[in-house]
Amino acid sequence: RNSGVLGGEAAMLQFLDSCLPPLTVPIYMGHFRGDDISAIVMEYLPGQDMHWIRDWTTKYKSRRIAVQDAVYLTAEVMLPLLQRMHEVGIVHRDVKPSNCVKRGLKDFCM
């Protein structure tokens, strides 16, 4: 059965990879469809997502991160990424801290 979902997602990822600045989204590497499996292959990001970072900070620091600080950090990281997507006509349908992954010392991607 071919629902077209894989092809549509692959086309969207190719578009994002070609029109967004580097480091905005993971690099799309390709896709394949077999008899029993379909897959999209993307760059592996070894960093942690913002949800994990927030939970780790709360668990291992002597004080919990203030809600206001968490909101500002989330906005500072996520809003520029979302703005880049909106500038090329893309609306991210699942915005949340766990979909924002740390890519380096200071860089995140969606």
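Among the contacts in the protein chain with a separation of 6 or more, 57% are between residues 24 or more positions apart. The chain belongs to a predicted model, and its secondary structure comes to 3 helices and 4 strands, which follow one another along the sequence in the pattern α-β-β-α-α-β-β. Of the 110 residues in the protein chain, 25% are buried.

| Helix | Residues | Number of residues | First to last C-alpha | Expected span |
|---|---|---|---|---|
| H1 | 5-19 | 15 residues | 21 Å | 21 Å |
| H3 | 67-87 | 21 residues | 29 Å | 30 Å |

The reach of H1 from its first C-alpha to its last is close to what is expected at 1.5 Å a residue. Its buried residues are Leu 6, Ala 10, Leu 13 and Leu 16, and because these fall within an arc of 125° when H1 is seen down its axis, they line one face of the helix. As a general point, an α-helix has 3.6 residues a turn, so residues three or four places apart point the same way. The cover over the buried residues of H1 includes strand S1, residues 28-33, and strand S2, residues 38-42.

These two strands run antiparallel and are joined by 5 bridges, while a hairpin of 4 residues leads from S1 to S2. One of the pairings sets Tyr 28 against Met 42, its bridge partner in S2. Ser 38, which is also found in S2, counts as partly exposed because its relative accessibility is 41%. Leaving aside residues up to four places away in sequence, Ser 38 touches Leu 6, Phe 32 and Arg 33. Ser 38 and Leu 6 stand 32 residues apart in sequence, yet their C-alpha atoms are 7.5 Å apart in space.

**Helix H3**

How does the span of H3 compare with the 30 Å expected at 1.5 Å a residue? The helix reaches 29 Å from its first C-alpha to its last, which is close to that value, although H3 also has a kink of about 30° at Met 78, shortly before the proline Pro 80. Met 78 is itself among the buried residues of H3, together with Ala 70, Val 77, Leu 81, Leu 82 and Met 85. After the helix comes Gly 89, whose phi is positive, near 90°.

**Two loop residues**

Thr 24 lies in the loop between H1 and S1. Is this residue buried or exposed? Thr 24 counts as buried, because its relative accessibility is 0%. Once residues up to four places away in sequence are set aside, Thr 24 touches Leu 81, Arg 84, Cys 109 and Met 110. With Arg 84 there is also a polar contact between the two side chains, at 3.2 Å.

Which side chain makes a polar contact of 2.6 Å with that of Arg 103? The partner is the side chain of Glu 43. Again without counting residues up to four places away in sequence, Arg 103 touches Leu 23, Val 25, Pro 26, Ile 27, Glu 43, Leu 45, Phe 108 and Cys 109.

Definitions and conventions
Residues numbered from 1 in each chain as written. Predicted model: local features only at pLDDT ≥ 70, side-chain atom pairs only at ≥ 80, totals over all residues. Heavy atoms only, no water. Expected span 1.5 Å × (residues − 1). Bend = angle between axes of the 7 residues up to and from the residue. Buried < 20%, exposed > 50% of the residue type's maximum accessible area, 1.4 Å probe, protein only. Arc of directions from axis to C-beta. Contact = heavy atoms within 4.5 Å. Polar contact = N/O pair within 3.5 Å; in protein donor to acceptor, adjacent residues only side chain to side chain. Pairing = 2+ DSSP bridges.
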